[in-house]
Amino acid sequence: MEEAITAIVRYLVIKKLINDVVALVAIKEYLIDGESPSVIAFKYRTSKFKVRGHIQRVIDKAGNYRVATKVVEIIYPYIASIEPVMLRSGGRVVCMLCNTYLRISDAEPHLRKKHKEYINSIVRNITNIVISKVRSPQG
């Protein structure tokens with residue numbers, strides 16, 4: 001269970017840090033609000049296949065739909081409070097951690113490679129909070 005929580009937290013933290021708002025909102029609206037991928041895709045002007053892909057990655061990491069829903073429900077407020085480090089500037093993004101300009105498609109690999117410890121510290125903090133909530137009788 002802890003591995004599933006950590007994997008989901010890592011995935012969502014990275015999406016938040018690169019400022020992929022559509023992915024985060026799509027996951028929340030599907031798993032927590034019960035919205036369909038088609039409606040989400042239409043609302044955010046993206047492909048329903050892209051929406052399904054984000055959702056499926058989270059469900060795969062959790063092992064099943066129920067666990068994914070519960071974990072996302074608990075961690076979403078923490079993920080939402082993270083400040084993005086990638087800001088869009090025209091057709092590119094700038095990494096605010098190292099002031100590097102990148103293509104949008106390179107933002108996630110850059111973050112994973114160059115700022116691994118930054119990601120790990122955020123993931124560790126959120127994972128510890130979530131695991132303590134899951135283990136507590138009130139959680």
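**Pocket and strands**

Modeller: Before we start, please keep in mind that this is a predicted model. By class, 8 nonpolar, 5 polar and 5 charged residues make up the lining of the largest pocket.

Biologist: What volume does the largest pocket have?
Modeller: The volume of the largest pocket comes to about 360 Å³.

Biologist: And which residues lie nearest its centre?
Modeller: Of the 18 residues that line the largest pocket, D20, K50, H54, R88 and I104 are the ones nearest its centre.

Biologist: Which helices each supply at least two residues of that lining?
Modeller: Those are α2 (21–31), α4 (48–62) and α6 (107–114), each of which gives at least two residues to the lining of the largest pocket.

Biologist: Switching to the strands, do β1 and β2 run parallel or antiparallel?
Modeller: Strand β1, residues 86–89, and strand β2, residues 92–95, run antiparallel and are joined by 4 bridges.

Biologist: How many bridges join β2 to β3?
Modeller: There are 4 bridges between β2 and strand β3, residues 100–103, and this pair runs antiparallel. Here C95 has T100 of β3 as its bridge partner.

Biologist: Which residue in the turn of that hairpin has a positive phi?
Modeller: That is N99, with a positive phi of about 60°, in a hairpin where 4 residues lie between β2 and β3.

Key. Residues are numbered from 1 along each chain as its sequence is written. This is a predicted model: local features need pLDDT of at least 70, side-chain atom pairs count only at pLDDT 80 or more; totals for chains, interfaces and linings use all residues. Side-chain values use heavy atoms; hydrogens and water are left out. On a 1 Å grid over the protein atoms alone, a cavity is a set of points where a 1.4 Å probe fits but cannot get out, and a pocket is an open set with protein on both sides within 12 Å along at least five of seven lines; lining residues have an atom within 4 Å of a point. Grid points are joined across faces, edges and corners, and a volume is the space filled by probe spheres set on the points. Ala, Val, Leu, Ile, Met, Phe, Trp, Tyr, Cys and Pro count as nonpolar, Asp, Glu, Lys and Arg as charged, and the others, Gly among them, as polar. Two strands pair if DSSP finds at least two bridges between them.
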